[in-house]
Amino acid sequence: MAYETQKLLTPGDLLDEKGQLAQCGWAPALVRQYDRKAIKAGKLRIKEWDYYCITGRECVLCLTIADNSYMSLSSVSLLFPDRCTQIQKSMMSILTLGRLKLPATSALGDVKVQGKDYTLSFTNDGQKRVLDVHLEDFNGGRPLTAHVELTHEPRDSMVIATPFAGHPRHFYYNQKINCLRARGDVSFGGESYTFCPETDMAVLDWGRGVWTYANTWYWGSLSTVLPDGRTLGLNLGYGFGDTTAATENVLFVDGVAHKLEHVLFQIPKSVTGNDDFLKPWHIRDNHGRLDLVFEPQLDRADLTSVLVIESDQHQVFGRMTGKAVTDAGEEIFIDHALGFAEKVKNRW
């Protein structure tokens, strides 16, 4: 099913000679070429990151390497949604200004950060992504090590080029790759947890852009194996930028993209009127093709406030149940599959 508002990106450079998006829209592949040198906005506004979330039967491992120009952020999170426990550690550096040299494409390239007692390395030879982590003191003086290999990249992904109204040289170029098969292990506190490619998957959030100072985004993701053996991925999001040309909402069945239009996360409110992230959410689209109940288990909350910089993040992990409908009208039923949905407010 095609929607008139969903414009398809065609091959070419991401930015024109003025540093503005040459084209706005979405695509199932990274068809536009990103070049940091083509950006005409202030250097401190450029933000680039690679984020991986590996979902296993025993645990979830989240890894971030981000260069936000005025600072870098590298983080490692180990979560146990069924136990409602989590551990996170972040490392920051000031005024990196692109020195991390994150690749200009998700298809190939390596990035590595290290300090006196930590190393994070993401390598990609075009066939296999290898994630290596070592933290000498992850929590309570105990080290964490992880080695994860991601393979079987699906045919389709979600790629979007999003402008920001009123800011012609600001943009977000983003790719989400769902249902990467994960093999490896993570060791911490005398325990080892294994990722098996038959059941365990990862999502990559590859982001490059020039952001406005204040914004809020909603993002949800699911990568799972259906009872019939097919893979199912969901990428859902909204809240920032001008999505007139396209939204980022896509259903993936066995690696094939089925485009959705708009979605809404209905987050319950507490008696004081604040978001109650740990009560069940309702997630729907505007054409009756997506209807999910999201039952939260664990809120990976993180509030950072330093001078004029503030980030209020709630990445909530839990179980999704409901249905999604493909372009051909097939109903896909989802039964307590582990995924996440988040709300993030930034002043950065």
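**View A. Asp254 in the loop between strand 18 and strand 19.** Strands (E, at least two residues) and helices (H or I, at least four residues) are DSSP runs, numbered from the N terminus. The model shown is predicted, so that local features require pLDDT of at least 70 and side-chain atom pairs count only at pLDDT 80 or more, whereas totals for chains, interfaces and linings use all residues. Residues are numbered from 1 along each chain as its sequence is written, and side-chain values use heavy atoms, with hydrogens and water left out. Asp254 lies in the loop that connects strand 18 (250-253) with strand 19 (256-259). With a relative accessibility of 48%, Asp254 counts as partly exposed, a class that falls between buried (under 20% relative accessible area) and exposed (over 50%), as computed with a 1.4 Å probe on protein chains only. When residues up to four places away in sequence are not counted, Asp254 touches Arg230 and Thr231, where contact means heavy atoms within 4.5 Å. Asp67, 187 residues from Asp254 in sequence, is 33 Å from Asp254 in space, C-alpha to C-alpha.

**View B. The aromatic pair of Phe138 and Phe188.** Rings of Phe, Tyr and Trp (for Trp, its six-membered ring) pair if their centres lie within 6.5 Å, and the planes then count as stacked when under 30 degrees apart, as edge-to-face when over 60 and as tilted for the rest. A search of the whole structure under this criterion finds 27 aromatic pairs. In the pair shown, the ring centres of Phe138 and Phe188 are 5.3 Å apart and the planes stand at 90°, so the arrangement is edge-to-face. The two residues are 50 residues apart and the pair links distant parts of the chain, with Phe138 in strand 10 (residues 129-139) and Phe188 in strand 13 (residues 167-188). Phe138 is buried at a relative accessible area of 3%, and Phe188 is buried at 7%.

**View C. The tilted pair of Phe317 and Phe340.** The ring centres of this aromatic pair lie 5.4 Å from each other, with 50° between the planes. Distant parts of the chain are linked here as well, since Phe317 belongs to strand 23 (residues 309-325) and Phe340 to strand 24 (residues 331-347), 23 residues apart. Both Phe317 and Phe340 are buried.

**View D. Gln175 and its polar side-chain contacts.** Gln175 has its place in strand 13 and is buried, with a relative accessible area of 3%. The side chain of Gln175 makes a polar contact of 2.4 Å with the side chain of Ser106, and another polar contact, of 2.8 Å, joins the side chains of Gln175 and Ser157. A polar contact is a pair of N or O atoms within 3.5 Å; within protein, one atom must be able to donate a hydrogen and the other to accept it, and residues adjacent in sequence count only if both atoms are side-chain atoms. Leaving aside neighbours within four places in sequence, the residues in contact with Gln175 include Leu30, Met158, Val159, Leu204, Asp205 and Trp206.

**View E. The largest nonpolar core around Ile54.** A nonpolar core is a set of buried Ala, Val, Leu, Ile, Met, Phe, Trp, Tyr and Cys residues joined through side-chain atoms within 4.5 Å. The largest such core has 51 residues, of which Ile54 and Leu144 touch the most other members. Strand 13 gives the most to this core, with seven residues. Residues touched by Ile54, not counting those up to four places away in sequence, include Cys59, Leu131, Val148, Ala182, Phe195 and Met201. A second, separate core of 26 residues includes Leu236, Ile283, Leu292 and Ile332.

**View F. Strand 9 between its antiparallel partners, strand 8 and strand 10.** Two strands pair if DSSP finds at least two bridges between them. Strand 8 (residues 111-115) runs antiparallel to strand 9 and is joined to it by five bridges, and these strands form a hairpin with two residues between them. Strand 9 and strand 10 also pair in the antiparallel sense, over seven bridges, with Phe122 opposite Leu131 in strand 10. The hairpin of strand 9 and strand 10 has four residues between the strands, and Gly126 in the turn has a positive phi of about 95°. Strand 9 (residues 118-124) is mostly covered, with five of its seven residues buried.
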